[in-house]
Amino acid sequence: MADLYAEFEHYVENGALTENRLRRVIETAAKRQRGLMMLMEDVHNPHNLMAIARSCDAFGVQDIAFTMEDENLFDPHQIGKVSSASASKWLDYRVFENGTRDALTTLKSEGWHVMATWVNPDAKSVYEIDFTQHEKLVLMVGNEHAGISQTAVEMADSYMYIPMMGMIESFNVSVAAALSLFEASRQRRASEKDFSLSDEALHKITSDFVVRAIKPDYYQHLRNRE
């Protein structure tokens, strides 16, 4: 941590960041997990995606992916600017414009295990699942109306569900994502396995965060000095 601060301290010295801001950036980057991604299928409400983004940021999950139809495409960073979901600024997004099959084929070819939320006889409760057994784990949730698609059902590697005790049969998709992220993160942080970032990955994400943390008016200030 001290080495990272020393490397990026010049941003404080030249007025781009305050000391507290730089320390917060470094501490946040150091708490990011490796090998955990959230995937939302066929987004209808971008604000649900932003709510999921907030949960990803809160639990130290850097990567969030989603599939969507071409006519529904939107920029998550732009949505974040007009909502309370400023977490969008700190995450890395993957957009699969060609749908679920392309998304899951690509992710599985990269070594990700895809675990989808779907209530069926093969699904396990989140309280029964060992979320530490996979080095690269994708937690997949469906859309707000129909849940996961038949393609996702056929292609997912495993299934999970969140037990409910009331009359309503399902959680809001952003709530379901938050609950599954909480349990997966809790287990991974308590595990003897180390799910923290490698030194190289930590350096890269810290560098990225530093750039994201600099306010746009600082660059305007530099241009005015030229």
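Strands β4 and β7 (residues 158-161) pair in the parallel sense over 3 bridges, pairing being assigned if DSSP finds at least two bridges between two strands. Within this pairing, T117 has M160 of β7 as its bridge partner. The model is predicted, so that local features need pLDDT of at least 70 and side-chain atom pairs count only at pLDDT 80 or more, while totals for chains, interfaces and linings use all residues. Residues are numbered from 1 along each chain as its sequence is written, and side-chain values use heavy atoms, with hydrogens and water left out. Helices (H or I, at least four residues) and strands (E, at least two) are DSSP runs, numbered from the N terminus.

The strands form an open sheet of 7 members in the order β3-β2-β1-β6-β4-β7-β5, with parallel pairing. Strand β4 (residues 113-117) is joined to β6 by 4 bridges, and the two run parallel; here M115 has L139 as its bridge partner. Strand β1 (residues 36-40) pairs with β6 in the parallel sense over 5 bridges, and M37 stands opposite V138.

Strand β6 (residues 137-141) is largely enclosed by the rest of the structure, because 5 of its 5 residues are buried. Buried denotes under 20% relative accessible area, exposed over 50%, and partly exposed the range in between (1.4 Å probe, protein chains only). L137, L139 and V141 cover one face of β6, and V138 and M140 the other.

A search of the whole structure finds 8 salt bridges, each defined as a side-chain nitrogen of Lys or Arg within 4 Å of a carboxyl oxygen of Asp or Glu. One of them joins D92 to R212, with the closest N and O atoms 2.6 Å apart. This pair links distant parts of the chain, D92 lying in strand β3 and R212 in helix α9, 120 residues apart. D92 is partly exposed, at a relative accessible area of 27%. Another salt bridge connects R94 with E110 at 2.9 Å between the closest N and O atoms. R94 belongs to strand β3 and E110 to the loop between α6 (100-109) and β4, 16 residues apart. Both are partly exposed, R94 at 28% and E110 at 33%. K204 and D208 form a salt bridge at 3.1 Å between the closest N and O atoms; these residues are 4 apart in helix α9, about one helical turn.
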